[in-house]
Every structure is written in C-alpha cells, then in structure tokens.
Amino acid sequence: MYTDKISILLVESDPVERQYLESIFRTVKVPHGLSICESSQQLAEHLRYTQELPHLILLSANLPDISKLGYFKKLRESIKPHSCTLGVYSKETATDGIRDLFASGLNIYIEKPADPSLLDKIIKEVVSVNWQYMTDGLDRERFILKY
Amino acid sequence: MKVYVKCNIEDTCRAILGEQLDRFGIRYTLIGSGCVQFEEVISMHTYQEFITALQRYNIHILDNNKTLLVEKIKAVVIALYRLNKLPLIKMSSYLEEKLGTSYRTLAKSFVEVCHMSIEEYIIRYKIERAKEMLVNEFLTLTEIAHTLHYSSVAHLSNQFKKVTGFCPKEFQGLMQYKRINTA
C-alpha cells in the first residue's frame with residue numbers, strides 16, 4: 001500500500017506534555033500529519049465524525065477513562081485492527097495486566113523513560129515501524145511492541 | 001467462529017493481477033515478482049480502469065524510479081529468506097550485483113523512501129518472519145534461528161527482544177492468550 005503520509009492522533013490532557021510530544025513529532029522524518037485530542041471524550045467524538053481513521057492513535061495512560069478495564073476493548077471494537085494502531089504511554093512500568101491490554105487490541109505500550117532523548121528515539125521508532133506495517137501490508141495482529 | 005489464515009502475499013498479488021488482467025482481456029506475461037509485461041498496446045482508458053481495479057486490493061502501479069528500486073531491494077531480500085538461500089558474499093555486494101546499482105545509491109534511495117536503512121529493514125523483516133513462524137507455524141526457536149540464519153538461539157532471542165520488547169516465548173504466549181481471549 002502506498003500512502004503519502006501517516007496520520008497520527010495524540011490524546012493527551014496535560015498541556016505541557018502535549019507541547020513536549022508535539023515538539024518531538026515535529027522532528028519525525030516519516031511524512032505524517034498530527035491531530036490532537038485533549039480527552040477521551042474528544043477522541044470518541046473525533047472517531048464518531050471523522051471521515052478517515054488515523055493510522056496511529058497514541059494515548060496517555062493518565063487519561064481517566066484509560067485505566068478502566070475494557071476501555072481498549074470498546075475502543076478497538078469501534079476501529080478495525082487492520083487499519084489503525086493503538087498505542088499507550090505511561091510513567092508506570094508494565095504490570096501483568098498488560099497481557100489483558102494487548103489482548104484487548106492494544107498494539108504498543110511505552111513506559112516513558114526519564115531520559116527525554118530516549119523518548120524521542122522511541123516515538124520515532126514507533127512511527128517508523130507503523131509506516132512499515134502500512135507500506136508493506138504486514139499483519140497487524142502481530143503488531144505488538146513494548147518499550 | 002473465528003479462523004486464522006496464513007497467506008503468501010506474493011502469490012496472492014500474482015493471483016489478483018492475473019484475474020484482473022484476464023478480466024480486462026489484456027494479454028500479459030508475469031515476470032518475477034511484481035512485474036507485468038503487456039503483450040499488446042492497450043488503450044489509456046483500459047489502463048486507467050485496470051489501475052483503479054487494482055487499487056481496490058491496495059495494489060498500486062509503481063511509476064517512481066526510487067520507489068521501484070526500493071521494491072526491488074525488498075523483493076531480493078524477501079526471496080533470499082523465503083527460499084533460505086543466503087548468498088555467500090556480503091549482502092551489500094549481492095544487492096549491487098543483483099540490481100546492477102551501486103550500494104551507495106541503493107542505500108540512499110532506501111532511506112529516502114522507507115525512512116530506515118536496508119540493514120534495519122532486514123532485521124525487522126527477519127523478526128516479522130520469526131513472529132509468523134512462532135505464532136502460525138509453531139516452529140521451535142532452534143528451527144527459526146536456523147531458517148533465518150542467526151548464529152544461535154541467543155542471538156535470535158536478543159534481537160527479538162530488542163525489536164519487540166518481548167522474549168520470543170513471551171510473545172508466543174501473549175499471542176496465544178490474545179487469540180483465546182478474542183475467540
């Protein structure tokens with residue numbers, strides 16, 4: 001599949017974090033478009049009315065709804081796995097519960113590193129891997145990454 | 001009921017190409033992977049309709065030289081690992097010889113189009129194959145390491161962990177858990 005660019009949707013309620021992540025995305029070389037939602041409600045609205053789903057949705061684990069069991073299952077039910085990648089980033093280390101998140105349709109779990117340059121590297125890698133899945137038509141069922 | 005399918009993308013692509021070319025009554029020869037030679041002149045209208053028909057399957061005509069070169073690089077790499085016939089010479093020399101272009105040009109084009117180096121692509125391709133073999137073909141790590149030309153199981157496991165964040169067995173368990181929970 002040849003797509004001109006990858007569309008990314010960032011969901012982050014903290015304005016400082018948002019600004020910081022936006023600055024990282026500005027340095028990503030893979031051609032992309034970045035949209036932002038400030039809450040899970042805004043995300044739901046966006047998904048309800050959008051004509052084209054984003055290729056990658058990256059959510060902050062700090063959003064209140066995210067911690068609820070079954071959130072990703074519901075979110076995944078509304079977006080087809082073969083067209084959209086779901087990723088979450090958190091300050092917390094992945095626990096045993098992460099198996100359930102991946103089983104619910106999550107593709108990427110990022111434990112935010114303390115070193116900002118490392119997060120920069122991770123974000124770039126996530127976009128690059130996603131780009132490869134899109135352009136090479138790889139099986140997204142096996143698209144599971146943990147950082 | 002849910003079933004899992006395994007498919008060879010190249011064979012599928014060739015089958016669809018053949019079906020569509022027949023549908024439009026175009027005489028053709030399929031050359032290698034991903035190349036069609038038209039045996040007659042076809043109208044622009046038919047050509048446009050043919051392109052549109054292929055787009056439904058996410059198959060696109062490559063009309064950009066760099067993109068074409070990159071697809072050729074990928075096809076050479078994929079064929080080597082699928083047929084399990086790695087060259088005795090260095091991969092860079094093999095690609096140069098096979099594609100008749102300097103490795104410098106190949107590497108530059110690859111980064112421009114794919115935003116990763118050929119070496120990174122090969123590593124990621126091998127790990128994707130390893131995932132496929134673990135999850136769909138149920139091969140052992142020793143068999144996978146041998147098929148993908150890793151020097152040892154430890155080398156495979158280390159690279160797998162570096163790329164995916166999981167040990168191979170952990171990944172296999174996770175995929176089984178995922179399948180059971182989504183059945």
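Okay, let's start with one residue: A:Lys112 sits in the loop between β5 (108-111) and α5 of chain A.

Quick word on what you're looking at. This is a predicted model, where local features need pLDDT of at least 70 and side-chain atom pairs count only at pLDDT 80 or more, while totals for chains, interfaces and linings use all residues. Residues are numbered from 1 along each chain as its sequence is written, chains are lettered from A in the order in which they are written, and side-chain values use heavy atoms, with hydrogens and water left out.

Is A:Lys112 buried or exposed? A:Lys112 counts as buried, because its relative accessibility is 17%, and buried means under 20% relative accessible area, exposed over 50%, partly exposed in between (1.4 Å probe, protein chains only). Setting aside neighbours within four places in sequence, A:Lys112 is in contact (heavy atoms within 4.5 Å) with A:Glu17, A:Tyr89, A:Ser90 and A:Leu119. With A:Glu17 there's also a side-chain to side-chain polar contact, at 2.3 Å. By polar contact I mean a pair of N or O atoms within 3.5 Å; within protein, one must be able to donate a hydrogen and the other to accept it, and residues adjacent in sequence count only if both atoms are side-chain atoms.

Now the two chains together. On the A side, 24 residues are in contact with 31 residues of chain B. The area buried between them is about 2600 Å², and carbon and sulfur atoms give 51% of that. That's the accessible area (1.4 Å probe) that two parts lose on being put together, summed over both.

The rule finds 3 salt bridges across this interface, meaning a side-chain nitrogen of Lys or Arg within 4 Å of a carboxyl oxygen of Asp or Glu. One salt bridge joins A:Asp136 and B:Lys74, with the closest N and O atoms 2.6 Å apart. Which elements give two or more residues to chain A's side? They are α4 (98-103), α5 (116-136) and β6 (145-146), and α5(A) has the largest share, 8 residues.

Last, cysteines. The whole structure has 0 disulfides, a disulfide being a pair of cysteine sulfur atoms within 2.5 Å. Take A:Cys84: its closest cysteine sulfur, in A:Cys37, is 12 Å away, too far for a bond. A:Cys84 is buried at 0% relative accessibility, whereas B:Cys167 is partly exposed at 36%.

How values were computed:
Helix = DSSP H or I, 4+ residues; strand = E, 2+ residues; numbered from the N terminus.
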